[in-house]
Structure formats: structure tokens, C-alpha cells
Amino acid sequence: MSRRARLLLFTAAAAALAVTLGAGLAGLPSFGGQITSYARILNELAPRQRHVTDVVSAITFDYRGIDTLFEEFILLGAVAGISVLLRPLSDETRQLPRDKAPDRAIPPPSPAVWLLAVFLSSLLVLTGLETVTHGTLTPGGGFQGGVILASAIYVVFLGTNYVTVERFQPAPLLEASDGVGASGYVVIGLLGLLAGASFLSNVVGLGVTGNPISGGTIPLLNLVVGVEVAGGFAILASEFLDQTAVIRTRRR
Amino acid sequence: MSVLAYGVVAWLFLVGIYGVVTSRNLIHLVVCLSVAQSATDILLLEIGYRAGGHAPVFVSLPAHLGPAVDPVMQALALTDVVVGAAVTALLLALAVQVHKRAGTLDPDALRATRE
């Protein structure tokens with residue numbers, strides 16, 4: 001299809017879509033008006049029923065916990081798919097770039113860059129751990145904190161070089177944390193079955209509202225999700241980095 | 001106000017799809033898809049908004065009085081963001097391999113290499 005024909009087709013389709021979308025959006029309740037009674041009930045009930053202060057966490061990991069289980073598996077599947085897509089193919093090989101001018105040393109990164117990388121990466125690790133562990137109290141949780149934790153590795157790479165960052169991300173450990181995190185969610189779900197309740201029910205002691213350890217299974221699930229997401233995003237970073245750094249076409 | 005709020009959603013979605021349709025570069029295409037996808041995030045949060053409402057976090061109650069916004073929509077937006085990130089990463093990995101095989105990222109040029 002030529003670009004012109006494609007654009008014409010898009011214009012017709014977009015006009016039809018705009019009309020139906022407009023009609024659909026016009027039928028929504030007015031912006032900023034009432035929220036659903038389900039949401040009102042949850043806002044009222046969740047802090048008392050689950051001893052958490054962040055209702056979003058209670059919904060994600062408790063009331064709709066099974067959704068999050070599948071969401072976690074989507075992430076695991078995507079990471080596995082990317083690992084397969086970006087593997088060294090049959091005509092490719094892994095090798096570090098060779099120094100073609102060994103008489104001239106590569107200048108080391110400036111101390112300011114190095115210091116900034118050390119400072120920022122430790123700050124990111126700290127913020128990540130804080131976000132993962134306080135998911136029941138304040139906005140945050142396993143998904144958000146996991147991404148922050150993984151981004152520390154990007155900062156280490158920016159401040160140093162490929163060889164250094166490889167030491168920070170041993171592939172077996174990352175892959176293990178991805179798998180352990182995903183299966184940990186199922187194990188915590190099975191606790192409910194062991195206690196005679198249904199899968200993923202909140203059977204652990206709820207604790208005192210406002211304490212870091214409160215909300216029963218919610219902080220535990222936050223923790224395993226944090227491990228999985230941190231591992232998964234670190235794998236993503238290393239897979240894409242490998243493509244530019246070490247994977248090259250084999251010479252014949 | 002409603003018109004403006006929901007208009008942004010429709011506009012973002014259409015402009016993202018327009019970018020996908022007319023894209024000349026697969027990476028640009030993936031970014032355009034993310035723009036279209038972000039319309040759903042905004043729609044979810046807007047449905048859950050309540051005028052003058054605060055976040056559904058009840059950590060220091062005297063600090064925020066008044067109603068809270070819909071926490072269900074925020075949880076759904078979180079799911080949306082995670083799935084969006086997974087899709088974007090997968091598509092970018094595909095783009096890397098396409099560039100290696102075909103030597104180009106232009107979707108139109110890809111069709112020519114097949115013929």
C-alpha cells in the first residue's frame with residue numbers, strides 16, 4: 001500500500017474512531033464528579049479490614065491479587081521473550097571489543113562522573129528498597145521499587161564501563177531473582193490454601209496499622225514482586241547492553 | 001471541563017496511532033505506540049478523579065481532609081504501565097533484530113527487501 005493510500009485509509013478510520021470515541025466518552029460521568037460506590041467502599045473499608053494506609057496497594061496485592069499474579073507473569077514472559085530474541089544467534093559470537101591501539105591507554109572516566117555514579121546508584125538502591133518495603137504505607141510497592149532498584153545498574157554503567165557493570169549483574173543471580181520472585185508470589189498465594197482459606201487470601205497476621213510490617217501478605221507480596229521486577233529490568237538492561245557491547249557477527 | 005479532560009484522551013490516542021501509521025522508523029513507531037497507550041492511563045485516572053479529592057493514602061489523616069479519589073483506577077493504571085513497559089521492551093528487541101537482518105528500520109523498506 002502506498003503512503004498516500006495508507007494515509008487516506010487512516011483519515012477515514014480516524015474520523016470514524018473519533019466519532020465513536022467521542023460518543024463513548026460523552027457517556028462517561030462528568031470529570032471530577034462521583035466515583036463508584038465500589039471505590040468508596042474500598043476507601044472506607046481497606047484501612048480497617050487490611051490494616052494498610054495505601055489502599056492502592058491493598059487492591060493490587062489483596063482484593064485483586066490474582067490479577068497482579070498474571071500481570072507478574074506477563075512481565076516474566078516478556079523478559080523471557082526478550083532474552084530469547086536477543087540471544088547470540090548462530091552467526092554471532094560474544095566477545096569484548098579488542099583494543100586496536102594498545103599503546104594509547106583509554107582515559108578513565110573523570111572522578112566527578114565516577115563520584116556522581118557512586119552517589120546516585122547508592123541513592124537509587126536506598127530509594128528502591130524504601131519504595132518496596134513501604135508499599136503498604138505510602139505510594140509505591142514492588143513494581144515501582146523494583147524498577148528504581150534496577151535503574152541503579154544503568155547509572156553504574158553510565159559512570160564506569162561495561163566490564164565493571166558486568167560484575168554488578170551476574171546473569172545467574174538476575175535470572176534466579178526473576179524466577180524466585182515470580183514463584184514466590186504463587187507460594188504466598190498457596191499459604192492461603194494451607195490455612196484452609198482460598199488461594200491468595202490474606203492469612204498472615206495483619207499487624208498494627210501504620211507499622212512497616214502490617215497488612216499480612218501485602219508487604220510479603222510487595223517484596224517478591226520487587227525482587228522479580230528488579231531482576232527482570234536488570235536482565236533487560238544487560239540484554240540490550242550486550243547487543244551493542246559484546247555480541248558481534250562472526251567473521252568467516 | 002469534561003470535554004477538555006476526555007478530549008485529551010481521544011487526541012493522544014489518535015495522534016499516537018497517526019504516528020504509528022506514518023512512521024518511517026521502527027523505534028519511532030514503538031514510541032508512538034507508547035503515546036497511544038498512555039491515553040488509556042490518563043483515561044483510567046480521569047475516571048477515578050473526584051474534584052478536590054486526595055490520593056487514596058490514609059497515612060496522616062489530619063493532613064488531608066475531604067474525599068479520596070478512586071483507588072481501583074490507580075491500581076488498574078499500574079497494571080497498564082507494567083504491561084506497556086513489557087510490550088515496549090519486546091518491540092524494541094524485535095526492532096534490534098530487524099535492523100540486524102534487514103539493515104534498515106524503515107517499515108516501507110522492509111517490504112521492498114522481501115520482494
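Predicted model: local features only at pLDDT ≥ 70, side-chain atom pairs only at ≥ 80, totals over all residues.
What does A:Phe143 touch, once residues up to four places away in sequence are not counted? Its contacts in chain A are A:Phe61, A:Thr68, A:Glu71, A:Val225 and A:Val229, and in chain B they are B:Leu78 and B:Val82. A:Val132 is eleven residues from A:Phe143 in sequence, and the C-alpha atoms of the two are 7.8 Å apart in space.

## Helix against helix across the chains

Two packed helices are described by the angle between their axes and the distance between the axes. Helix H4 of chain A (residues 65–85) packs with helix H3 of chain B (residues 71–102) at an angle of about 10 degrees, and their axes lie 10 Å apart. H4(A) is therefore roughly parallel to H3(B), since angles under 35 degrees count that way.

On the side of H4(A), the contact is made by A:Glu71, A:Ile74, A:Leu75, A:Ala78, A:Gly81, A:Ile82 and A:Leu85. H3(B) brings B:Leu78, B:Thr79, B:Val82, B:Val83, B:Ala86, B:Ala89, B:Leu90, B:Ala93, B:Leu94 and B:Gln97. Sorted by kind, the residues of this contact are 13 nonpolar, three polar and one charged. Some names return from the previous section: A:Glu71, B:Leu78 and B:Val82 are among the residues touched by A:Phe143.

## A crossing within chain A

H2(A) and helix H3 of chain A (residues 55–63) also pack, here at an angle of about 75 degrees with axes 10 Å apart. These two helices are therefore roughly perpendicular to each other.

From H2(A), the residues A:Leu42, A:Asn43, A:Ala46, A:Pro47, A:Gln49 and A:Arg50 meet A:Val55, A:Ala58, A:Ile59, A:Asp62 and A:Tyr63 of H3(A). The contact divides into seven nonpolar, two polar and two charged residues.

## Salt bridges

Side chains of opposite charge can pair when their charged atoms come close. How many salt bridges does a search of the whole structure find over all chains? The search finds ten.

One of them joins A:Arg48 to A:Glu44, at 3.7 Å from N to O. Because they are four residues apart in helix H2 of chain A (residues 37–50), about one helical turn separates them. Another salt bridge links A:Arg64 with A:Asp67 at 2.6 Å, N to O. A:Arg64 is partly exposed at a relative accessible area of 25%, and A:Asp67 is partly exposed at 34%.

In chain B, B:Asp106 and B:Arg24 form a salt bridge at 4.0 Å, N to O. B:Asp106 lies in the loop between H3 and helix H4 (107–114), and B:Arg24 in the loop between helix H1 (2–22) and H2, so the pair ties together parts that are 82 residues apart in sequence. The two also belong to one network of salt bridges with shared partners, which joins A:Arg3, A:Arg6, B:Arg24, B:Asp106 and B:Asp108. B:Arg24 is partly exposed, with a relative accessible area of 47%.

B:Asp41 sits in helix H2 of chain B (residues 26–47). B:Asp41 is buried but has no salt bridge, and the nearest side chain of opposite charge, A:Arg64, is 14 Å away. Apart from neighbours within four places in sequence, B:Asp41 is in contact with B:Ala77, B:Asp80 and B:Val81.

Terms used: Residues numbered from 1 in each chain as written. Chains lettered and ligands numbered in written order. Heavy atoms only, no water. Axes fitted to C-alpha atoms, helices over the stretch in contact; angles between N-to-C directions. Parallel < 35°, antiparallel > 145°, perpendicular 65-115°, else oblique. Contact = heavy atoms within 4.5 Å. Nonpolar A, V, L, I, M, F, W, Y, C, P; charged D, E, K, R; others polar. Buried < 20%, exposed > 50% of the residue type's maximum accessible area, 1.4 Å probe, protein only. Lys, Arg positive; Asp, Glu negative; His and termini not counted.
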